[in-house]
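Here is my note on the entry you sent. Please read it with the structure open beside you.

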Amino acid sequence: QVQLVESGGGLVQPGGSLRLSCAASGSIFRIIAMGWYRQAPGKQRELVAATNSGGSTNYADSAKGRFTISRDNAKNTVYLQMNSLKPEDTAVYYCNLRGYYSVTSWDDFWGQGTQVTVSS
C-alpha cells in the first residue's frame with residue numbers, strides 16, 4: 001500500500017536544530033494531509049505539525065515559532081525543520097500520511113519513527 005520512510009533524527013544539544021524528512025511511496029491516490037507526531041516515554045502520541053493538500057498548516061503550541069513544516073508535492077515528501085530544540089522535545093517522531101489509496105478508500109499511514117534526543 002503506502003510506505004513512509006523517515007530520516008534526520010539524532011542527538012542534538014539544547015538550542016540546536018534538526019531537519020526531519022519523510023518520503024511517501026506506494027499506492028497513493030490522493031493525499032489529504034501529511035504531518036509529524038511524537039511520542040515521549042510514558043506519554044501519548046501527540047501532533048507536532050501537519051499540512052493539508054491546500055497548504056494550510058497546524059502546529060502544536062509547543063512547536064509554534066520553533067518548528068516549520070513544509071512539503072514537496074512532486075516528491076510526496078514532508079519536512080520538519082526544528083530549531084531552538086529543548087530537552088522536552090526528546091521523543092520518537094512519527095510521520096503520518098492521511099490519504100486515499102483508491103477512489104473511495106482512505107486511511108492513516110505511519111512511518112517507523114525516528115528518535116530525536118535533545119541533551120547536553
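The points below go from the whole chain to a single residue.

1. Start with the source. This is a predicted model. Every value below was computed from it.

2. Next, the fold elements. The protein chain has 11 strands and zero helices. Read along the sequence, the pattern is β-β-β-β-β-β-β-β-β-β-β.

3. Now the overall dimensions. The C-alpha trace spans about 50 × 25 × 25 Å along its principal axes. The radius of gyration is 14 Å, which agrees with the value near 14 Å for a compact globule of 120 residues.

4. Then contacts and burial. Take the contacts between residues at least 6 apart in sequence: 55% of them join residues at least 24 apart. Of the 120 residues, 40% count as buried.

5. What about the surface? The accessible surface of the protein chain comes to about 6,300 Å². Carbon and sulfur atoms account for 46% of that area.

6. On charges, the protein chain has 11 positive and 8 negative ones.

7. Finally, look at Arg66. Where does Arg66 sit? Its place is in the loop between strand S6 (57–59) and strand S7 (67–72). Is Arg66 buried or exposed? Arg66 has a relative accessible area of 10%, so it counts as buried, the cut-off being under 20%.

8. Check the surroundings of Arg66 too. Its side chain reaches the backbone oxygen of Ser62 at 2.7 Å. Leaving out residues up to four places away in sequence, Arg66 touches Gln81, Met82, Asn83, Ser84, Leu85, Lys86 and Asp89.

How values were computed:
Residues are numbered from 1 along each chain as its sequence is written. This is a predicted model: local features need pLDDT of at least 70, side-chain atom pairs count only at pLDDT 80 or more; totals for chains, interfaces and linings use all residues. Side-chain values use heavy atoms; hydrogens and water are left out. Helices (H or I, at least four residues) and strands (E, at least two) are DSSP runs, numbered from the N terminus. The radius of gyration is taken over C-alpha atoms; the globule rule is 2.2 Å times the number of residues to the power 0.38. Buried means under 20% relative accessible area, exposed over 50%, partly exposed in between (1.4 Å probe, protein chains only). Contact means heavy atoms within 4.5 Å. Accessible areas come from the Shrake-Rupley method with a 1.4 Å probe; for residues, only the protein chains shown count as cover. Lys and Arg count as positive and Asp and Glu as negative; His and the chain ends are not counted. The place of a charge is taken as NZ of Lys, CZ of Arg, CG of Asp or CD of Glu. A polar contact is a pair of N or O atoms within 3.5 Å; within protein, one must be able to donate a hydrogen and the other to accept it, and residues adjacent in sequence count only if both atoms are side-chain atoms.
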